[in-house]
Amino acid sequence: MRAQGHAAVAKRNSFRGAEAAIWRKLIAGRDPLRQRMTLALSEILVVSMAGLPMAWRGFAVAHYADLLEAHAFGNYRSLIEAVSLSPAMGVYLNLRGNRRSDASGRLPDENFARELMQLFTIGLVELNADGTRRLVDGKPVETYTQDDISQLARVLTGFTFHGPDGQVL
């Protein structure tokens, strides 16, 4: 993206370079299976370009696509860790700047914790080996509780990132 001139300050809020780079790799990459896996992962571990209120978001999205590509054939735990620590996901699901509880009654934001459990890992209900819902007394068995989300949100606090000058953004 830098070689194409997208690192100019005037383009700090543009996605043009990211979109072009991602599509170029998908269409003309030498490793089509990896590119298809990257595309599939991007449909599961979603970061919306429109939902990133940050400077240099095109670079954040391009980095996120590179991250998915790098982990396309790795283990899922490493992928989830990398996604969780990425600036794009941090901004998109409110993980960046998530603060701990305090005496004023503030609680950590639960958005990322909920998505992590519900969409990215264990899902809403337990499943049988054949993929059907596990039922107890005719009701689906939930995989987690609200307390589980609250506790995970408490763990997922304190993340931020620094600008080129070292200042916390």
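# Reading salt bridges and helix packing

Analyst: D31 is partly exposed, with a relative accessible area of 29%. Here, buried means under 20%, exposed over 50% and partly exposed in between (1.4 Å probe, protein chains only). This is a predicted model, where local features need pLDDT of at least 70 and side-chain atom pairs pLDDT 80 or more, while totals for chains, interfaces and linings use all residues. Residues are numbered from 1 along each chain as its sequence is written, and side-chain values use heavy atoms, leaving out hydrogens and water.

User: Which residue does D31 meet in a salt bridge?

Analyst: Side chains of opposite charge can pair when their charged atoms come close. For D31 the partner is R34, at 3.7 Å from N to O; the criterion is a side-chain nitrogen of Lys or Arg within 4 Å of a carboxyl oxygen of Asp or Glu. R34 is also partly exposed, at 25%.

User: How many salt bridges does the structure hold?

Analyst: There are 7. Another one joins D102 to R106, with the closest N and O atoms 3.1 Å apart. D102 has 31% relative accessibility and R106 has 28%, so D102 counts as partly exposed and R106 does too.

User: Which parts of the chain does the pair E69 and K25 link?

Analyst: E69 sits in helix α3 and K25 in helix α1, 44 residues apart. Helices here are DSSP runs (H or I, at least four residues), numbered from the N terminus. The closest N and O atoms of E69 and K25 are 2.4 Å apart. E69 counts as buried at 14%, whereas K25 is partly exposed at 31%. K25 and E69 also belong to a salt-bridge network with D66.

User: How do the axes of α1 and α3 cross?

Analyst: The axes of α1 (residues 16-28) and α3 come within 8 Å and cross at roughly 25°. That makes α1 roughly parallel to α3, a label for angles under 35 degrees. In the contact (heavy atoms within 4.5 Å), A18, I22 and K25 of α1 meet G58, V61, A62, A65, D66 and E69 of α3.

User: Which residues of α4 are buried, and what covers them?

Analyst: In α4 (residues 76-85), the buried ones are L79, I80, A82, V83 and S84. Their cover includes α2 (32-44), α3 (57-70), α5 (87-92) and α6 (111-120).

Definitions and conventions. Helices (H or I, at least four residues) and strands (E, at least two) are DSSP runs, numbered from the N terminus. Axes are lines fitted to C-alpha atoms, for helices over the stretch in contact, and angles run from 0 to 180 degrees between N-to-C directions. Angles under 35 degrees count as roughly parallel, over 145 as roughly antiparallel, 65 to 115 as roughly perpendicular and the rest as oblique.
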